[in-house]
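Trainee: I've got a model open and I'd like a close look at a single part of it. Could you walk me through that part slowly?

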Amino acid sequence: MLIWLFLAMNFIISEAVKGIKQLYNEDVAEGLLNIQDTRKEFEGQVTIVVFPIVRFSKKSPEQTGNDLGAYLLENVKEVTAFNVVKGFLNLSIDHEYWLNLFNTKLLSPHYGTFPSNGRKVMVEYSSPNTNKPLHLGHVRNNLLGYSVAELLKASGSEVFKVNLVNDRGIHICKSMLAWQNWGNGETPASSGLKGDHLVGKYYVIFDKEYKKEIDALKADGQTEEEAKKNAPLIKAAQAMLLAWETGDTAVIDLWKMMNGWVYDGFEVTYKNLGVDFDKYYYESNTYLLGKDSVEEGLAKGVFFKKPDGSVWIDLTEDGLDQKLVLRADGTSVYITQDLGTAQMKYDDFNMDESIYVVGNEQDYHFKVLFLILDKLGKSWAKGLYHLSYGMVDLPSGKMKSREGTVVDADDLIAEMVATAKEKTEALGKVDHFSEEEKSTLYYNIGMGALKYFLLKVEPKKRLLFDPSESIDFQGNTGPFIQYTHARIKSLLTKAGHTVGIQGFDRHFALTETELDMIILLDKFPAEITAAAAAFSPATLANYVYEVAKLFNKFYHEVPPIIKEEDAQLQHYRLNLSWVTAHVIKSGMRILGIEVPERM
RNA sequence: GCAUCCAUAGCUCAGCUGGAUAGAGCAACGGUUUUCUAAACCGUAGGUCAUAGGUUCGAAUCCUAUUGGGUGUACCA
C-alpha cells in the first residue's frame, strides 16, 4: 500500500529525517517514518504521521507536526504548503513536481515494464483429470494460474507455465469401462459431442450403473461398504487399472483414444479461456516417480520403516501427523509421486521458485510435501509455494459433479459471449462493425466480464457464483474498464493524437482530479510489484478499476478536449488520457483480458 | 476431537506488515445528454467491521477466547 510512496516520495522521507536531526538532534531510521496519501478532505497530497516522532520531539503531536512542516517548507523546494490536523502533517507538493514526474516517467513507452530480475519461476496450474470436462472451479484455477504467471513475467521473472495432467487412475478407467459397455462405438465425430464431454458422459454412466449394482447387492443383504467393494463394475475397473499398469495393449489403446478425445476438447476450452502452457507433464509418466526420494529419505534417516514394510515420516514435532510415503507393498501414494515430480521439475528447469496453483482443500498436502522436501535437504524447497484458492460455491452450496450441480466451463463461456452480444446490440453502437469485428468484440467483452469477475476476488477467499444472475457489465466490472479504454482510444483517434514528451514552457494549474490521476497512475509499477509478491491478481484488478473510474470522472469534469484551444493544455490532457489507456491495457493484459479499441 | 481458512452496507466485494470521520459496485431513490462513446457521471440513503476481552497515543487490521461457516484430518488423487 505504501510502497509507491517510498519510491515517489523517497526524498520527502530523507528530508524529514534530516529535519528531525536538526530539530531534535535525533537520528531516526527512515523506516520509522510513516507516510501515506492525504485523505481527500484535507489539503495536500502526502501525509506524514507524526506520532512516532513525538517521543523524540518531546512535544505535542500538533507542535511536532508544525515544527517539521515548517522545516520542510523552508528546506524542500517541492513542498509548497503544509497543515497539521491532529497528529497528521499534510504536505502540498508543487504541481511542477507532479508534471515533471508525468513527463519523465509516466510517458515512457516502457512505463510499467520491468527489466529481468534474473529469477526463474515455474507456475503449475490447471492440472485437470481426463475423465470429465472442465467446470467453473477449473476456470478459476486456470485464470488465476495464467494471470499469476503473467504477473510474474511482468515483474521481471522468467516464467514457465506447466500443466500436470492427471491422465491415469481408477477414475479414468471408469469412463473407459462404461464406454466399452454402453458406448456402441460412439465417438466425438459420430455424436458431434466435444471429446471431453463425451468421456464425461460415460463417467456419469459408470456412476449410475455402479449405484444400481450397489443397490442390488444391498437388496441381497450386503452392507453399503461390502456392496461398494463387491460390485462387479468396480472390480472390472480395478482389473482394468491393473491391465493398464501391465501395459495391456487393448486397454492402452482404448486409453489413448479416449484421452485423445479429452485433449482435443480441453484444447478448445483452453483456447477460449486464453490460457497456455510451456510444458505438459502427464501423471502416466510420473506416477512411478518418488521411490528414489523414499530411498534417499531412509538413507538420511528422515523416513522410517514400519515392521510391515511401509515407509513413514514423523512430523509430530512440526505439529503435523505421521505421514505414509510408501505403502507396505512398495507402491506409491499421492505424495510419493509428488516428491518425485517436484525433483523432476527442478531437474528440468532449475527454477528459483515454483508455484502450485491448487485449491485450498489440499492445504495440508502441500504443507506436508514442502516440509518433507525441506527435511530431505532440498535447497530449492524454500522456493516452493502453494497458491491456495477458495472453492467456487453456488447459492445451493458446493458444486458436485456427481450430482450434476456443476457450472460447465464451455457452457459458461458460451453464455457470457451471448450475454455480451445481447447487451452490446441493445446499446446499438456497433451496427456498422464488420461481422468479424463484432464477434471478436462479443467474445472479448464476455470473457472480460467473466475473467474480471473471478480475478478481482482475493484468491484465498471463497467465491460465490449465482447462475441465475448474469455477471454484471456495469460498475466494478471488466466491461466497464474495457469501455473506458475504448473511449480513450476513440478520443485519441479523433484528436489525431500521437503521444510525445512535451516540454512545457509553462505549467498548468492541475485540476484536483488531474492531480489525483497522476498520483494514481504513478503507482502502477508498484502495484505490479506488490501483486506479484503476493501472487494476487486481485489487487491489480482493483487498481485498474480505480484508474478507469478516475478517468471517467476526469472526462466528465473537463470541457471537451478536442475543442480545447490551448494547444499545450490539449496535448497534455491527451497525453494524460494516453497514459491512462496504456496502464489499463497493460494491467488488463496481465489479467488475461483484452481491451477493445472501440466498442 | 484436532488442524487450517473465512466472517466488513440488503447482495457481491475492497481496505488488513496498526494511523484521521471504514470504501466501491449492484440493488433502491433523485439528478445529468444541442459538448470528445450514458457499458458513463453527480447526489441521497444504507455499518455495533460476528461477539467479548487484551496490547497501543491509536485496532476492521495484531493477540486470546467464544460463536457461525468452509476445507482437511485414507496404505484415494
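Trainee: Which polar side-chain atom lies 3.1 Å from a base nitrogen of RNA strand B? I'd like to hear about the surroundings of that strand too.

Mentor: That one belongs to Thr-424: a polar atom of its side chain lies 3.1 Å from a base nitrogen of RNA strand B. Keep in mind that this is a predicted model. In Thr-47, an N or O atom of the side chain is 2.9 Å from a base nitrogen of the RNA. For Asp-308, the distance between a polar side-chain atom and a base nitrogen of RNA strand B comes out at 2.4 Å.

RNA strand B is surrounded by 65 residues, and the closest of them are Arg-327, Lys-429, Tyr-483, Arg-487 and Lys-494. Sorted by kind, the residues of this surface split into 29 nonpolar, 15 polar and 21 charged. The biggest share from one element comes from helix α19 (residues 478–494), which gives the most to the surface, with 7 residues. On the RNA side, look at the atoms within 4 Å of the protein: 62% of them belong to sugar or phosphate, and the rest to bases.

The structure holds 26 aromatic pairs. One of them is Tyr-356 with Phe-370: the ring centres are 5.6 Å apart and the planes sit at 45 degrees, so this pair is tilted. Tyr-356 comes from strand β11 (residues 353–359) and Phe-370 from helix α16 (residues 363–375), so the pair ties together parts that are 14 residues apart in sequence. Both Tyr-356 and Phe-370 are buried.

Another tilted pair is Phe-551 with Tyr-555, at 5.8 Å centre to centre and 35 degrees between the planes. These two sit in helix α22 (residues 537–557), and because they are 4 residues apart there, about one helical turn separates them. Phe-551 has 0% relative accessibility, so it counts as buried. Tyr-555 has 31%, so it counts as partly exposed. There's also a cluster to pick out: ring pairs link Tyr-125, Tyr-263, Phe-266, Tyr-270, Phe-277, Tyr-280 and Tyr-282.

Arg-168 lies over the face of Tyr-287, at 3.9 Å from the ring centre. In another spot, the charged end of Lys-306 sits over the ring of Trp-312, 3.8 Å from its centre.

Ser-57 has its place in helix α3 (residues 51–57), and with a relative accessible area of 8% it is buried. Leaving out residues up to four places away in sequence, Ser-57 touches Tyr-24 and Thr-64. Pro-61 is found in helix α4 (residues 61–75), and its relative accessible area of 21% makes it partly exposed. With residues up to four places away left out again, Pro-61 touches Val-50, Phe-51, Val-54, Lys-86 and Gly-87. If you'd like a distance to check on screen, the C-alpha atoms of Pro-61 and Leu-23 are separated by 14 Å, and these residues are 38 apart along the chain.

Definitions and conventions
Residues numbered from 1 in each chain as written. Chains lettered and ligands numbered in written order. Predicted model: local features only at pLDDT ≥ 70, side-chain atom pairs only at ≥ 80, totals over all residues. Heavy atoms only, no water. Phe/Tyr/Trp six-rings, centres within 6.5 Å; stacked < 30°, edge-to-face > 60°. Buried < 20%, exposed > 50% of the residue type's maximum accessible area, 1.4 Å probe, protein only. Lys NZ or Arg CZ within 6 Å of the ring centre and 35° of its normal. Near = heavy atom within 4 Å. Polar contact = N/O pair within 3.5 Å; in protein donor to acceptor, adjacent residues only side chain to side chain. Nonpolar A, V, L, I, M, F, W, Y, C, P; charged D, E, K, R; others polar. Contact = heavy atoms within 4.5 Å.
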